[in-house]
Amino acid sequence: MKTNLFNRAACLLAVAGGVALSCNAQAADGPWLVRVRAVHLASANTDSTGLGLTINNKWLPEVDISYFITPQFAAELILTYPQSQTVRSGGADIGTFKHLPPTLTAQYHFADLGAFKPYVGAGVNYTRISNVSFSPAVVTALHPSLSKDSFGLALQVGADYEISKNTYLNLDVKKVQIKTNVSSAGTKVGEFKVDPLLVGVGIGWRF
């Protein structure tokens with residue numbers, strides 16, 4: 001009888017210990033995940049003005065901050081500093097501008113695949129365009145201007161791979177809607193869509 005009671009108690013302790021270990025493991029995976037990425041911006045360069053407008057593709061730094069509401073659902077804020085772009089018309093440089101494109105996405109993470117943790121996301125982008133400058137000849141001929149604010153959708157797919165406890169390699173791909181109205185002497189003449197494809201690689205830390 002005592003032996004049976006001892007065995008049952010041992011089983012209960014083992015189960016309780018397993019639950020405690022599981023809880024501790026989840027607690028170790030804190031709700032915050034911060035990543036730094038190198039991101040390649042490839043512009044769609046869709047222009048309705050007839051001027052053949054394009055901007056340059058480039059690499060840029062990115063920092064994102066994710067908060068996990070549950071093990072599967074997270075919100076991510078994606079940040080960089082204002083990025084300089086060269087504006088071309090028919091392949092010739094005609095000016096420059098800067099854009100600041102913070103993006104907020106809601107993500108679903110597939111959390112039951114071990115060290116490999118893919119995710120999908122969707123959200124909104126706000127882009128502020130500033131420091132617009134055109135060459136003197138273009139200013140004299142067209143008096144051009146660009147609208148300053150852009151709102152658009154953002155779609156995202158990516159994956160984290162845990163290389164050590166709470167440290168991850170990251171691959172991330174986003175498609176973002178960014179556009180600006182192009183005006184000449186105060187009259188809108190068309191729309192230029194950047195709509196970039198953003199491919200990033202980086203490293204993240206969870207705490």
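Four elements each supply at least two residues of the lining of the second largest pocket: β6 (83–89), α2 (136–142), β10 (144–146) and β13 (179–184). Of these, β13 gives the most, with 3 residues. The model is predicted.

**Second largest pocket**
- The volume of the second largest pocket is about 150 Å³.
- Its lining is made up of 14 residues, and Leu51, Ile94, Leu142, Pro144 and Val182 are the ones nearest the centre.
- By residue class, the lining of the second largest pocket holds 11 nonpolar and 3 polar residues, with no charged ones.

**Largest pocket**
- The largest pocket has a volume of about 360 Å³.
- It is lined by 15 residues; those nearest its centre are Asp29, Pro71, Ala111, Lys117 and Arg206.
- The lining of the largest pocket comprises 6 nonpolar, 3 polar and 6 charged residues.
- Arg206, one of the residues nearest the centre of this pocket, also lies over the face of phenylalanine 68, at 3.9 Å from the ring centre.

**Aromatic pairs**
- The structure contains 4 aromatic pairs.
- In one of them, the ring centres of tyrosine 108 and phenylalanine 110 are 5.0 Å apart and the planes stand at 85 degrees, so this pair is edge-to-face; the cut-off for that class is over 60 degrees.
- Ring pairs join Tyr108 and Phe110 with Phe73 in a cluster.
- Tyrosine 108 has a relative accessibility of 31% and therefore counts as partly exposed.
- Phenylalanine 110, at 35% relative accessibility, also counts as partly exposed.

- Isoleucine 65 is part of strand β4, which spans residues 58–68.
- Its relative accessibility is 34%, so isoleucine 65 counts as partly exposed; that class lies between the limits of 20% for buried and 50% for exposed.
- When neighbours within four places in sequence are set aside, isoleucine 65 is in contact with Trp32, Leu33, Val34, Ala75, Glu76 and Leu77.
- Isoleucine 65 and leucine 104 are separated by 39 residues in sequence, and their C-alpha atoms are 9.7 Å apart in space.

Methods
Residues are numbered from 1 along each chain as its sequence is written. This is a predicted model: local features need pLDDT of at least 70, side-chain atom pairs count only at pLDDT 80 or more; totals for chains, interfaces and linings use all residues. Side-chain values use heavy atoms; hydrogens and water are left out. Rings of Phe, Tyr and Trp (its six-membered ring) pair if their centres lie within 6.5 Å; planes under 30 degrees apart count as stacked, over 60 as edge-to-face and the rest as tilted. Buried means under 20% relative accessible area, exposed over 50%, partly exposed in between (1.4 Å probe, protein chains only). A charge sits over a ring if NZ of Lys or CZ of Arg is within 6 Å of the ring centre and within 35 degrees of the ring normal. On a 1 Å grid over the protein atoms alone, a cavity is a set of points where a 1.4 Å probe fits but cannot get out, and a pocket is an open set with protein on both sides within 12 Å along at least five of seven lines; lining residues have an atom within 4 Å of a point. Grid points are joined across faces, edges and corners, and a volume is the space filled by probe spheres set on the points. Ala, Val, Leu, Ile, Met, Phe, Trp, Tyr, Cys and Pro count as nonpolar, Asp, Glu, Lys and Arg as charged, and the others, Gly among them, as polar. Contact means heavy atoms within 4.5 Å.
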